[in-house]
Every structure is written in C-alpha cells, then in structure tokens.
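Have the sequence and the 3D view open side by side as you read. Let's take a walk through this chain, one stop at a time.

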Amino acid sequence: MDKHEFNSNEWVIAGRPFQSRLLVGTGKYRDFKETRLAIEKSGAQIVTVAIRRTNIGQDANEPSLLEFLPPDQFTYLPNTAGCYTADDAIRTLRLARELLDGHNLVKLEVLGDQKHYTLTWLKRLRLQRFLSRMDLM
C-alpha cells in the first residue's frame, strides 16, 4: 500500500497509525492493576493520564503507571488536568515530556479560574505559541 493511500481501518495521529480510535483515561480505577485490565479489555492503544495526579515516575517511592502500562505497548496522551494557569500547564507538559522521553502528544486542559473555568484569549495565545515552539502541536 502506498504511504499516501487511505486505509479505513487506520487512524493516524502525528504520523503514527492506530487501529483503535478509543482513548481511555487512567484516573478512575482502584489501582494500576485494575487500570491495566480495563484498558486491555477495551482494546485502546492510547491512554490519557493526568500528569499532576498520576505517578509516571515523579515519585520513585510509589508505584508508577509506566510499570503497568509500558510506553512501548501503549501510547500515552499526557494531559494537564488540574492546571489553572498557562504556567502550570507549561510546567506540567515539560515534566511529562521529560518523564516520557521526549513524547510529543498532549491533551491540553487548563481551567482558567475556579469560578468560570475559562482561559483568557491572551493565555490561550501564550499556550499555543509555547506548544508550537516545543513541537507539541
């Protein structure tokens, strides 16, 4: 098959082909073992992970999600859940990139303020510029 030929069974993101279009979050399970079982049963190849809430190596004294969902078997989509500012999101994305060996896919979530849960246009523009410079868009 020519590399430009359309394959209806593939979903391509950032040049990487996937057979499943299902993305599964990792934050609602009892423990990492249950997370692994649920994701295996779902058939998902991409998992979202809240970097601020889930250990992927930040704490060497705690179990890491990477031990249960190895990055060579699953594609991580780190997200910035729990971030209220552009600075928090940028710091979180840098941490994710470091912990995931330069990984460049992200799910951006910034709540803005606790009352309105929205970002100002200036903060959105700043994040967009940062992501484009970091090759994260």
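Let's begin with Ser64: is this residue buried or exposed? In this predicted model, Ser64 has a relative accessible area of 8%. Buried means under 20%, so Ser64 counts as buried. You can find Ser64 in the loop between β4 and α2. Setting aside neighbours within four places in sequence, Ser64 is in contact with Phe32, Asn55, Ile56 and Gly57.

Which backbone nitrogen lies 2.9 Å from a polar atom of the Asn55 side chain? That nitrogen belongs to Gln58. If you leave out residues up to four places away in sequence, Asn55 touches Phe32, Glu62, Pro63, Ser64 and Leu65.

Phe32 leads us on to a helix. In α1 (residues 32-42), Phe32, Thr35, Arg36 and Ile39 are buried. Look down the axis of α1 and these buried residues fall within an arc of 95 degrees, so they line one face of the helix. Why does such spacing work? An α-helix has 3.6 residues a turn, so residues three or four places apart point the same way. The buried residues of α1 pack against β3 (23-25), β4 (46-50) and α2 (65-68). On the face of α1 turned away from the buried side, you will find the exposed residues Lys33 and Lys41.

Both ends of α1 are worth a look. After α1 comes Gly43, whose phi is positive, near 80 degrees.

A positive phi turns up in a residue other than glycine too: Ala14 has a phi near 50 degrees. Ala14 belongs to the loop between β1 (11-13) and β2 (16-18). With a relative accessible area of 56%, Ala14 is exposed.

For a contrast, turn to Ala89 in helix α3. Ala89 has 0% relative accessibility and so counts as buried. Apart from neighbours within four places in sequence, Ala89 is in contact with Thr80, Cys83, Leu108, Val110 and Leu127. How far apart are Ala89 and Leu127 in sequence and in space? They are separated by 38 residues in sequence and by 8.1 Å in space, C-alpha to C-alpha.

Here are the accessibility values for the residues visited so far.

| Residue | Relative accessible area | Class |
|---|---|---|
| Ser64 | 8% | buried |
| Ala14 | 56% | exposed |
| Ala89 | 0% | buried |

Now for the spaces in the structure. The largest pocket has a volume of about 150 Å³. Its lining is made up of Gly25, Thr26, Gly27, Lys28, Thr48, Val49, Ala50, Arg53, Thr54 and Asn79. Which element gives the most to this lining? It is β4, with 3 residues. By type, the lining of the largest pocket divides into 2 nonpolar, 6 polar and 2 charged residues.

What about enclosed space? The count comes to 1 cavity of 30 Å³ or more, and the largest cavity holds about 30 Å³ of space. Pro78, Leu93, Ala96, Arg97, Leu100, His103, Leu105 and Val106 line this cavity. Helix α3 (residues 86-99) supplies the largest share of the cavity lining, 3 residues. In this lining there are 6 nonpolar residues, 1 polar and 1 charged.

Finally, step back to see the whole chain. How many helices and strands does the chain have? There are 4 helices and 5 strands, and along the sequence they follow the pattern β-β-β-α-β-α-β-α-α. Of the 137 residues in the chain, 35% are buried. Among contacts with a separation of 6 or more, 61% join residues 24 or more positions apart.

How values were computed. Residues are numbered from 1 along each chain as its sequence is written. This is a predicted model: local features need pLDDT of at least 70, side-chain atom pairs count only at pLDDT 80 or more; totals for chains, interfaces and linings use all residues. Side-chain values use heavy atoms; hydrogens and water are left out. Helices (H or I, at least four residues) and strands (E, at least two) are DSSP runs, numbered from the N terminus. Buried means under 20% relative accessible area, exposed over 50%, partly exposed in between (1.4 Å probe, protein chains only). On a 1 Å grid over the protein atoms alone, a cavity is a set of points where a 1.4 Å probe fits but cannot get out, and a pocket is an open set with protein on both sides within 12 Å along at least five of seven lines; lining residues have an atom within 4 Å of a point. Grid points are joined across faces, edges and corners, and a volume is the space filled by probe spheres set on the points. Ala, Val, Leu, Ile, Met, Phe, Trp, Tyr, Cys and Pro count as nonpolar, Asp, Glu, Lys and Arg as charged, and the others, Gly among them, as polar. The arc is that of the directions from the helix axis to the C-beta atoms. Contact means heavy atoms within 4.5 Å. A polar contact is a pair of N or O atoms within 3.5 Å; within protein, one must be able to donate a hydrogen and the other to accept it, and residues adjacent in sequence count only if both atoms are side-chain atoms.
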